[in-house]
Amino acid sequence: MYKEKESLICTLFLFVLLPYLLTVLILGREACPVSREFPTEEYVPAVTASQISWDYSKETIKAQTIAARTNLYVRHGEKEENSTILQAAENIRKLEMDSIMLEKYRVFQEAARETEGQVLKYQDQMREIPYHALSAGKTRGGKEILGEDYGYIASVDTSKDIDSPLYVEGCYFSESDLEKQIKKEYPGFIFGEEKKAEIKNTDSVGYVMEIEIGNMEFQGEQLKELLNLPSSCFTIQRLEGEIRFLCRGIGHGMGISQYTAEQMALEGKKYEEILQYFFPEMVIEEQ
């Protein structure tokens, strides 16, 4: 009897409440006559759910929730805020929201409610909070990569990430495929007879800053996006007519490493300790 009741509640949520949420997310605050004023806080669970594994523990999700909330406030009123919300809606729309998924989503709602209004601040100001799925073993310092204004993004040890089964991935391209892929965005690209592919510069953690391929130079993150690589922390090898990008980690490598955050949570660390570890110069405050 209890399970039948639980199933009925989940079904009601799925067909009544979730479509309402998605309508607001997709069409905007003016779409639902129930409430003309739909506060940013209401978007936080869905946005967080689009940014992190649903299998992670609540303390990890709470840490990501505060990052998501802070970023929403930083971008408030800008096109990027709407883009973030629409992407979150699209991600949820693609999921099969059965009773199991609804139960997992409830953790995001609880995390938002239990940290309501909390944001990260540096020198009394909210700042953009970067995050990524998996580092290369150490996070990248904001000052080194982006300049003085981003000194609040610390470089910290994340050697736990090395234990992830997703830590290393080889991405293979034939010379012709590599040329075609780059030409899609840069028609003037020519690989040339030398077939040059040389890393010119890396940061202190090992992420590629500049790379020369054929007749062009690229930033590491730029090439990562062009070739759909998991990370810009890579080496290049030629193997039997193919070019291999051996990548470490997933994402840009700055800010929160979600994998390390999860390992900390599994060791009993609370979300405050997780955030303090990644951002030692920032404080959690009520917005």
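Glu 114 and Lys 58 form a salt bridge, with their closest N and O atoms 3.2 Å apart; a salt bridge is a side-chain nitrogen of Lys or Arg within 4 Å of a carboxyl oxygen of Asp or Glu. Because Glu 114 lies in helix α5 and Lys 58 in helix α3, this pair ties together parts that are 56 residues apart in sequence. Helices (H or I, at least four residues) and strands (E, at least two) are DSSP runs, numbered from the N terminus. The structure is a predicted model, in which local features need pLDDT of at least 70 and side-chain atom pairs count only at pLDDT 80 or more, while totals for chains, interfaces and linings use all residues. Residues are numbered from 1 along each chain as its sequence is written, and side-chain values use heavy atoms, with hydrogens and water left out.

Glu 114 is partly exposed, with a relative accessible area of 38%, and Lys 58 is also partly exposed, at 27%; buried means under 20% relative accessible area, exposed over 50%, and partly exposed in between (1.4 Å probe, protein chains only). Both residues belong to a network of salt bridges that links Lys 58, Glu 59, Lys 62, Glu 103, Arg 106, Glu 110 and Glu 114.

A search of the whole structure finds 21 salt bridges. One of them joins Lys 104 and Asp 55 at 2.7 Å, N to O. Lys 104 is in helix α5 (residues 99-114) and Asp 55 in the loop between α2 (44-49) and α3 (58-74), 49 residues apart. Lys 104 is partly exposed at 29% relative accessibility, whereas Asp 55 is exposed at 57%. Glu 128 forms a further salt bridge with Arg 75, the closest N and O atoms being 2.3 Å apart. Arg 75 is buried, with a relative accessible area of 12%, and Glu 128 is partly exposed at 27%.

The axes of helix α7 (residues 175-183) and helix α8 (residues 220-227) come within 9 Å and cross at roughly 105°. The two helices are therefore roughly perpendicular to each other, a term covering angles of 65 to 115 degrees. Leu 178, Gln 181 and Ile 182 of α7 meet Leu 223, Leu 226 and Leu 227 of α8 in this contact, where contact means heavy atoms within 4.5 Å.

The mean pLDDT of the chain is 88, and 87% of its residues reach 70 or more; pLDDT is the predictor's confidence in each residue, from 0 to 100.

Methods:
Axes are lines fitted to C-alpha atoms, for helices over the stretch in contact, and angles run from 0 to 180 degrees between N-to-C directions. Angles under 35 degrees count as roughly parallel, over 145 as roughly antiparallel, 65 to 115 as roughly perpendicular and the rest as oblique.
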